[in-house]
Structures are given as C-alpha cells and as structure tokens.
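Here are some friendly notes to read alongside the model.

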Amino acid sequence: MVVPAAGAVATGLDTGAASAAGDAGAAGGRFDAESPRFALAVLPDTQYLFDADSADPAPLRATFHYLAAERAAANIAFMTHLGDVTEHGTEDEIGLAADTFRVLHGRVPYSVLAGNHDIRSSTDDQRGDSAYLAAFGPDRYRAMPTFGGASPDGYNSYHVLRAGGRRWLVLALDWRVSDKGLAWAQGVLDAHRTLPAVLTTHDIAWADDDGGARLSDHGQRLWDRLIKGNDQIFLALGGHYWPPGRTVLTNDAGNDVHVHITNYQDRYYGGAGMIRTYGFDLVRKVIDVETFSPWFLARDPEQRSPLAAETVELTGPADRFTLPVDFDARFAGFAPVTPPAPRPARSVMPRGTLAYWRFDGSGTDAAGTPGAAVADGTVVRDLTGNGNDLTVRRLHSSGPDALTWSADHHRGQPAHASLRFDGGKSPDRGAVLTTAARAALNSEKFLKGYTIETFVRLPEPFEGDHSWMGILSWEGRNAEAGKTTGWSPLEPTCSLNLSPERFLQFVVYPHRQDADPTSWSHAVPVGRWMHIAVVNDGRRTVMYVDGSRIARNPAQASTGIATLGKPFVLGGTQFDGAFGQGFYGWIGDTRIVGRPLPVQEFLTPSD
C-alpha cells in the first residue's frame, strides 16, 4: 500500500499524491481493484442521529461495520457522505460523529463534506475555522491512499481511487462552494483530464413525489459553472432535500449526466443510517442502485418492529434501479479506449494449428473495400501453409449482396476484418467458402482432440426465419460414415448451427463411437460479437462462448470427427448433401487446432 507523501498538503493541488492514491487502490480489506464489478457507497444526511441529547450513533455504527465486513464480498471501493452529518454542528455533536466514523477509518476509504447543519457561520467555503473543519477537514484523510488534496480553505476535497481496472475521481464539494472553490474544483479536473468523475455535494437537486428531480438554485450554479462544461462528470449526487429522485441532463459534449438526490432523514429513525450502493458492472455496462439500512438488516426478522420492517430496504423506482451506461462510449471524449492492434497471423498459430483464415487481406487474392461484394471464386488462403484454402461460391441464384467484405470485428479478434453473409430462406440464398476437393482438412480425424474457434455476430434486428442456419460444417451424410444413431442419417458428420431459439448447436458424429453428442448454448445475443470455441480432448466435447463454458455439454464419449474426405465449409450446413439457406450475419477469424487448447490460449486470451 502506498500512502501519499508527507507533503501531500491540504492546500492547493497535489497531482503526484493523487496519482499515487489511484495506483495504490483503497485502504483495508481485500478489495479487488481490477475486478470489473465494484461498488460506491453513498451515505446521505445523518443529522437526526447526532441531534444534541437525543443522539444515537448506533445505526451509523452498524452501517460502518457492514461496509467494513462486506467490503470484499461487495467489492466496495469507496464511501461518500453527502453532508449534514449533524443537526446543529456543535462541538459535542461533531465530536460524537467523528468518533463514530472511526469504525470505518482505515477499513474503507471515504469522503465527508459539510452540509448547512454542520456549520453555523458564513454560508460558503471561506467561513474559516469550525468544529466541522477540525474534525472532518483534510487531516482526517491524509493517511488514506485515495486522498488527493483539498482546497485552501479545507472544505472541499478530492479523492482518486482505482476500481474496475482504472482510476476514478470523486469530488466532495462544500454545500455552498464559493467562486474560489469552483476554481479549485476546475483545477482538479484539469489536472486529471482522463479520469471519470463523480461529483458529490449537499445541495444539488430536489424532487417531486413522483421521483423526478430538478436542479436547485445552487445545483443550477454548479451545473452552469462546473458540471456541464466538464464531460468527465457523469454522476452528480446530493442530499439535503427529500424525497429522493433522479434526472438525466445533457452536458455541452452531448453526453448524459445522471443527477440524483438521496436523503432519508424523514424516514423512520432518522433514516437509520440508510445507505445507497452504486454497483458498477463494467461487463454488463450498468450501474445497479440499491438502498437499505444495515442496522435493520442485521436484526432477526422476527424481532424487527413494524416500522423497521418496512424501512429495512427501499424498492421504489427512486431507490432501486439500474442505469445503463456504456462506459467506453460515455468516457470516449476524455479517455478514449485505444483498440488493440491487429495481431500477426504467426502469433496466433500455436503448435498443432491445422488451418487459420482471416479476412483482412492476409493471403486473400482479392481483398476488397468494406461493403464491396466478395466475388465467386475468391480464394481465402489458409495462413498455416497447410493448403486448406477456402474458395467463395454463392448458393442458388444469390446476388452480390450475399457476401461482402466488412471492417467490423470482435474487439479481441486478431484481424480487424470479417465477412458479412446475407443468407436466408424463402427463397434459400447465401454464400459459402469451402476447401478444395483434396485439402488435408477434409480427411483429418482429430483422434488427439481438437479446438475449433470462430467469431460471429448476429444482426440487430435479427429479421426473418434463420432457424437451423449453419455457421461451419463438413460436407456429407453421417450415414456414409456408418453411423446409425442421431437425429437423421442425412445430416453432416460435424456442424455448428443456430437453432430457432438462437441456441448454438454443435453436433458431431465421432470417428470412433456410433453417437452424436451435441452441445447446446444459451440463447446468444444479437448485435454484438461473440467468440465461440469447441474443445475436444479425445474423450468429450465442451463448447465455450466468450471464454465461458456452457452448461449443456454432453458427457457422452466422443473421439475424433468422422470426416468423409469432403470439404470443410464456412457459412452453411448441408442436409442430404445439399445446401439450403446460408448464414446470416458476420463471421471473423476462424481457426482449427488439432489438439485441445486451454481457455487462455484461445484467440481472445485477454477477454
């Protein structure tokens, strides 16, 4: 763990300290800074728990114990308090609150900002010394590796945390940030231009009973002076008002900014230390929001009072919801993701590679412009040099659009190109690429196992009837190989297809057994690329989608493939020796290896 240097002061900017904080990750626990799933905990107004002689810190202690205990399980990166820690801002109230925060200190990093009830002097961040500043000023955060620095007055701070494999900025701004404070905040953003930012403050928006939020007067000032002109700020959180609510505003860059008000002091027991968690999921591209009281949650359900039972968790649309956020696209204006460079063919042909085809012009005799038709007779070379070249031909009376060049590709694909197939039924149409009559792949038996990989994308919308369309196969009938079991003796000895439910189906008639073990995937998505791998270890076959093993892999023995010396096909599957429809969608790099490969050696090892 790296702690900011002693000179990481509470005045002005200290970008070196912020960088160190971001690289170090968060304090305490077993937080996984590289996991694509993490949580930001938000704690709004706790003032009624610290209200003169009626104070009761027990709910907040329970919340802090929960955050510390669940840090690893929920992957909690940070907690931010939205102000109004206390009711009157007296030394006694502030002291009790500061002592309560020690439960969390050193276990989960956090920020606190002043609300209007926490200070009793000037209404902006130039107010000078206060009980709040003495307890919750910069000195409190100095040992936290996330702490980046504070404004000269000490009432505003920023924090840099590493989560989801990247660094994030949290701005904790005073409830009435001054012009000087705004200039300081702009300087922080300028010094961390590539970091997505969450802005927290006490007063930013108010909401109607329907949950629709509107900027308050101070929120409008923040929007006009800071938020809308800084594309980094994608989430702005405030308390102060109730009921909770949310809205989405459009900034100067044309991007969404989610503005939320969260406050439960009007609820039973002053909100009972209720927290809101923002669960970032960079894989699903969403933020899942939940609101609950750990104090009530920890009680035996049979022992909860009626009001505790109805307050333990809030599930209305303003308190439990999911925000769709395409993080790469949303952050592209200030932190564009550099796509991986194409990988040379030689780097992705491990020992035992029998065939490898790509559609970026490598070994292709007529690579064309994206969108241009791929002419019949075009040859796509097998880059292994084993002679398993593919030749294009259209099915039936299909036109030029049945097969076109495309620059679309899976992000992890070695080549940045693909083929766009426009196959279909009524009438049958499409295009296929097949090996020559004497290609070595036609008779390969794969007795030591195999790995067959390809990249596929289905169009969105997925229009028309494309049930049982083929992706790849070997020509021929399994009956010709002496097979007597299976759905039909007229289907090929090996094929990868798509069912009417959009399930991938890999059916194989093994060389050694009289059987047809079949793997079935889940319903695969449309509109996005997926990597498909079928791995056989000489005994059984397992299908993977995007590096994830599917459930419906047969335990039935399967050794080799009963190939018949007939061509391998990309873009279709025969029945009774004839093609009907062709594939509908995109196909990218395709590779066949004569042995089982582990997941880390797939064509997408970084996924």
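**Notes on the predicted model**

1. Asp281 has a relative accessibility of 4% and therefore counts as buried; buried means under 20% relative accessible area, exposed over 50%, and partly exposed in between, with a 1.4 Å probe and protein chains only. Its side chain meets that of Arg37 in a salt bridge, at 2.9 Å from N to O. The term salt bridge stands for a side-chain nitrogen of Lys or Arg within 4 Å of a carboxyl oxygen of Asp or Glu. Arg37, at 40% relative accessibility, is partly exposed. This pair links distant parts of the chain, with Arg37 in strand β1 (residues 37-43) and Asp281 in strand β13 (residues 275-281), 244 residues apart. Helices (H or I, at least four residues) and strands (E, at least two) are DSSP runs, numbered from the N terminus.

2. A word on the basis of these notes. This is a predicted model, in which local features need pLDDT of at least 70 and side-chain atom pairs count only at pLDDT 80 or more, while totals for chains, interfaces and linings use all residues. Residues are numbered from 1 along each chain as its sequence is written, and side-chain values use heavy atoms, with hydrogens and water left out.

3. Back to the charged pairs: the structure holds 28 salt bridges. One of them joins Asp288 to Arg284, with the closest N and O atoms 2.8 Å apart. Asp288 is partly exposed at 23% relative accessibility, and Arg284 is partly exposed with a relative accessible area of 47%. Another forms between Asp326 and Lys285, where the closest N and O atoms are 3.8 Å apart. Asp326 sits in the loop between β16 (321-324) and α10 (327-330), and Lys285 in the loop between β13 and β14 (286-292), so this pair ties together parts that are 41 residues apart in sequence. Asp326 is partly exposed, with a relative accessible area of 36%, and Lys285 is partly exposed at 39% relative accessibility. Salt bridges that share partners join Arg37, Asp281, Arg284 and Asp288 into one network.

4. Which strands stand at the edges of the seven-stranded sheet? The sheet is open, with mixed pairing and the order β4-β5-β6-β7-β10-β12-β11. At its edges are β4 (147-150) and β11 (245-250), each with a single partner strand, so one side of each is left without a neighbour in the sheet. Two strands pair if DSSP finds at least two bridges between them. From one strand to the next, the twist averages 20°. Within this sheet, β5 (residues 157-163) and β6 (residues 166-172) pair in the antiparallel sense over seven bridges, and Arg162 has Arg167 in β6 as its bridge partner.

5. Two helices lie across these strands. Helix α6 (residues 179-191) lies across β4, β5, β6, β7 (197-200) and β10 (233-238), and runs at about 180° to β6. Helix α7 (residues 217-227) lies across β7, β10, β11 and β12 (256-261), at about 155° to β10. Axes here are lines fitted to C-alpha atoms, for helices over the stretch in contact, and angles run from 0 to 180 degrees between N-to-C directions; contact means heavy atoms within 4.5 Å.

6. Eight strands form another open sheet, antiparallel in its pairing, in the order β18-β19-β22-β31-β24-β25-β26-β27. Its edge strands, β18 (379-380) and β27 (518-523), each pair on one side only. Strand β26 (residues 503-508) runs antiparallel to β27 and is joined to β27 by four bridges. Phe506 has Ser519 in β27 as its bridge partner.

7. Phe506 also belongs to the largest nonpolar core, which has 44 residues; Trp357, Leu433, Trp474 and Phe506 have the most contacts inside it. A nonpolar core is a set of buried Ala, Val, Leu, Ile, Met, Phe, Trp, Tyr and Cys residues joined through side-chain atoms within 4.5 Å. Strand β24 (residues 469-474) gives this core its largest share, four residues. Apart from it lies another core, of 34 residues, including Phe50, Met79, Ile119 and Met144.

8. Is Val392 buried or exposed? Val392, in strand β19 (residues 390-395), counts as buried because its relative accessibility is 3%. Beyond its neighbours within four places in sequence, Val392 contacts residues including Val374, Leu403, Val432 and Leu433.
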